[in-house]
Amino acid sequence: MRTILFIPARYASTRYPGKPLATLRQKDGSTKSLIQMTWEAARQIAGVDAIYVATDDDRIAEASRAFGAEVVMTSDACENGTARCADALRVLGETPDLVVNLQGDAPLTPPWFVEALIERMANDPTVDVATPVLRCDAQTYENFTEDRRHGRVGGTTAVFDQDLKALYFSKEVLPFIDPDKRPDPIPVFHHVGVYAYRPEALASYIATPVTTLETLEGLEQLRFLVNGTPVACVEVEARGRLFWELNNPEDIPRIETALAQG
């Protein structure tokens, strides 16, 4: 099964302009850009045949080529990472069996998160879109609730049925939990911003208009659900690692702390 992995990256961002080129302190005291860290994480994933940074920005392209990445220049009209992956396929002129979208703000993504998606889709040809979900530990749940208390738009939560088909994704913490009745384990699942698609699902996605829910939540995957395309959630295990994306400048210390402890 030929699998292409794209790292969609844009410079313009409402909450964090220039985010892919933000630098983070490593365990040894050196610094690396977010986009380089994500590319290095992608290279650890088994079962991937090619890796490309997909961007419309010359600054990101130049920085990516400098650390050895292959780059696909995409349209500046791409409204999100899924659309950018579809456009990158168009530019390459390829039709692989599987496309993986590893978003450029997730350098802490362990390889087994993505390998689980590839395995899920290899074993079930009826799945057109898959994405990982991770049960929140106490620290991650606190990160979610702290962001909400301070009015920050941070990570995403996922709600799914008994067959692990997505019901909804939200920037709110779902389900709501009364602080005095918090169960253990915590029944909140962090949506990991990685997707695996069949090329046909990508083509269908860009052929349908932007939906109200995806606009309100700022979550591209809701277009699949609104238009009736099931999204398979694949539960993954952290194996002792802290996972968090870089959504806001305030996330840099969280990620640097995780890097120092890794």
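Me: Where should I begin with strand S1, and is it buried or exposed?

Reply: Begin with how much of each residue can be reached from outside, since a residue counts as buried when its relative accessible area is under 20%. In this predicted model, 7 of the 7 residues of S1 (residues 3-9) are buried, so the strand is largely enclosed by the rest of the structure.

Me: Which residues of S1 point one way, and which the other way?

Reply: Thr3, Leu5, Ile7 and Ala9 point one way from S1, while Ile4, Phe6 and Pro8 point the other way, and all of these residues are buried.

Me: Which strands pair with S1, and by how many bridges?

Reply: For pairing, look for bridges between two strands, of which at least two are needed. S1 is joined to strand S6 (residues 98-102) by 4 bridges, and the two run parallel; within this pairing, Ile4 has Val99 of S6 as its bridge partner. S1 also pairs in the parallel sense with strand S4 (residues 50-55), here over 6 bridges, and Ile7 has Val53 of S4 as its bridge partner.

Me: How do I read the way helix H3 and helix H6 cross?

Reply: Consider the distance between the axes, then the angle, and then the handedness. The axes of H3 (residues 81-92) and H6 (residues 199-207) come within 9 Å and cross at roughly 115°. Because angles of 65 to 115 degrees count as roughly perpendicular, H3 and H6 are described as roughly perpendicular to each other, and their crossing is left-handed. On the H3 side the contact is made by Thr82, Ala83, Cys85, Ala86 and Leu89, and on the H6 side by Pro199, Leu202, Tyr205 and Ile206. Sorted by class, this contact has 8 nonpolar residues, 1 polar residue and no charged residues.

Me: What about Asp58: is it buried or exposed?

Reply: The cut-off for exposed is a relative accessible area over 50%, and Asp58, which lies in helix H2 (residues 58-66), has 58% and is therefore exposed. Asp58 and Arg10 are 48 residues apart along the chain, and their C-alpha atoms are separated by 9.9 Å.

Conventions. Residues are numbered from 1 along each chain as its sequence is written. This is a predicted model: local features need pLDDT of at least 70, side-chain atom pairs count only at pLDDT 80 or more; totals for chains, interfaces and linings use all residues. Side-chain values use heavy atoms; hydrogens and water are left out. Buried means under 20% relative accessible area, exposed over 50%, partly exposed in between (1.4 Å probe, protein chains only). Axes are lines fitted to C-alpha atoms, for helices over the stretch in contact, and angles run from 0 to 180 degrees between N-to-C directions. Angles under 35 degrees count as roughly parallel, over 145 as roughly antiparallel, 65 to 115 as roughly perpendicular and the rest as oblique. A crossing is left-handed if the near helix is turned anticlockwise from the far one by less than a right angle, and right-handed if clockwise. Contact means heavy atoms within 4.5 Å. Ala, Val, Leu, Ile, Met, Phe, Trp, Tyr, Cys and Pro count as nonpolar, Asp, Glu, Lys and Arg as charged, and the others, Gly among them, as polar.
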